[in-house]
Amino acid sequence: QQAHLVGRAENLTSPYGTADVARVDARLPDIRDPGALTATLAATHVRRGQVLASNLTVRLERALTAWDIEAAARGMWHQEYAVDGAARLTWTTNRQALRVDRLEVDYAGMQGGLLAPFACHLEAGRWELEPARFSIDDAALSMQGRYDQASVALFASLTNLSLRTLPVAAAAGFPDSPVDARLDVNGHPSAPVVRLNARVTNVLPEAFRVEGPSEGVLSMGAMVTGGTVFVEVDATDFATGTLEAEASAPLTFSLQPFSLAWSAERDLVAKLHADLDLAYLNRFGFLADQEVRGRLAADLSYDGPLREGEAEGVLRLERGAYAHHYLGLVLRDIDADLKLRDGALLLERCEGTDGGEGRLAASGRMDLKPSERWPFTLDLTTRQTTVLRQDHLTAKASASLSVTGNLSGVTVRGDIGIDSGEFLLDLLPPAPPPALELTHVGREEDPVATQEEPAAA
């Protein structure tokens, strides 16, 4: 005797999500043999968080100690997706196994899938994942591992993944750059050692490039061990500049039981080294009619709790230059030394020229107090410095100024003397032609539209 069950439900709500409509169709050819059960579950508009499955179908077929599973889904998760797969679940008293035979994924125009069947199984309290390989367009993902109460060994690698695959990177205009990454987790589940390495080449967006189509290499390494996370970041070929950073911070990670915790009370240690070409800034709109040059080197460090630590270091500007093309202001040969200590940025020395006999010097400090809008002081002196250079007007000035204030306002005190100046009337730009205001008198017709056609010859 056989059994056939057909059911339908609407507006379902459960801890796993909601569904507008769900249908089930189950058949048992012989009620005395439950091992031959087949069932199909179909649902529409299944939601869980931001994941929407507009159509979801699962087909189950039982054969003795195994379930054959086929599933397909289409929907939206930031972008449209489609998933189709098949697997077999088997179980005995001491062993459970899942073998995935087929997996096809289409997401945001990208296509991927399983390159070969793989299996994972649980036996005697140990999970084991056999080597599994997936494709994502031109990229490849590999995984393998094992896990039990005494040890864990997990491995995953990603090669040649397009950076634009990430929705955030695509929206920010990043190029189609290859990403390679590797993850290793080893040790005791209560305190495993985690290593992550990643590398992205040609990472700069088109709008930020200076020299060519391939620019910017970003490398990152991270390790979690002994309650501390260590991070290293290297950025090279960024507009002929480099940047290196390393940091360590308290981080507790455990798989058994699962825990991920960070303490703001323990010390954070960070170091930054940079060697940058300031000419890179000339590509941005905020320097319209202006130009900067020079090499900036920085060695900075931070040590202590996040809110109470000490930041210190040095910054040095060599062969700096600044030009304001409209005013004709030119500053060259600028060398400056800055130090970061005791909660302030100190300008200990700054010297430069106007490209000729003029000289300038400056010193000052800025307190790193955001609550007070970054208060600062600046002492500036110039001697025979050309401050205005135009075709019809030039001026040299000597000054001694003291500038105090913050981002809300400044106060300037001191003396300014004009050493010399020239005003050439012959080179004075001509005034623009006057704008004449016309008043139409007469009929309110369009004078152009009412013009008579010229007589034919």
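The legends below describe close-up views of a predicted model.

**View 1. The largest nonpolar core.** This core holds 12 residues: L278, L287, V292, L317, L329, L331, I334, A336, L347, C350, L360 and A362. At least two residues of the core come from each of strand 22 (329-341), strand 23 (344-353) and strand 24 (359-367). Strand 22 gives the most, with four residues.

**View 2. The salt bridge between R349 and D337.** The side chains of R349 and D337 meet at 3.1 Å, N to O. The pair links distant parts of the chain, with R349 in strand 23 and D337 in strand 22, 12 residues apart. R349 is partly exposed, with a relative accessible area of 26%, and D337 is partly exposed at 22%.

**View 3. A network of salt bridges.** Salt bridges link R316, E318, R319, D337, R349 and E351 in a network. Within the pair R316 and E318, the closest N and O atoms are 3.0 Å apart. R316 has a relative accessible area of 30% and counts as partly exposed; E318, at 31%, is also partly exposed. The whole structure has 18 salt bridges.

**View 4. The salt bridge between R8 and E10.** The closest N and O atoms of R8 and E10 are 2.6 Å apart. E10 is partly exposed, with 46% relative accessibility. Side chains of opposite charge can pair when their charged atoms come close.

**View 5. A patch of negative charge on the surface.** The patch gathers D267, D303, E310, E312 and D342. One of these residues, D303, lies in strand 20 (residues 290-304). D303 is partly exposed, its relative accessible area being 45%.

Technical notes:
Residues are numbered from 1 along each chain as its sequence is written. This is a predicted model: local features need pLDDT of at least 70, side-chain atom pairs count only at pLDDT 80 or more; totals for chains, interfaces and linings use all residues. Side-chain values use heavy atoms; hydrogens and water are left out. Patches are made of residues with over 30% relative accessible area and no salt bridge: like charges are joined within 9 Å, nonpolar side chains (Val, Leu, Ile, Met, Phe, Trp, Tyr) within 5 Å. Accessible areas come from the Shrake-Rupley method with a 1.4 Å probe; for residues, only the protein chains shown count as cover. A salt bridge is a side-chain nitrogen of Lys or Arg within 4 Å of a carboxyl oxygen of Asp or Glu. Lys and Arg count as positive and Asp and Glu as negative; His and the chain ends are not counted. The place of a charge is taken as NZ of Lys, CZ of Arg, CG of Asp or CD of Glu. Buried means under 20% relative accessible area, exposed over 50%, partly exposed in between (1.4 Å probe, protein chains only). A nonpolar core is a set of buried Ala, Val, Leu, Ile, Met, Phe, Trp, Tyr and Cys residues joined through side-chain atoms within 4.5 Å.
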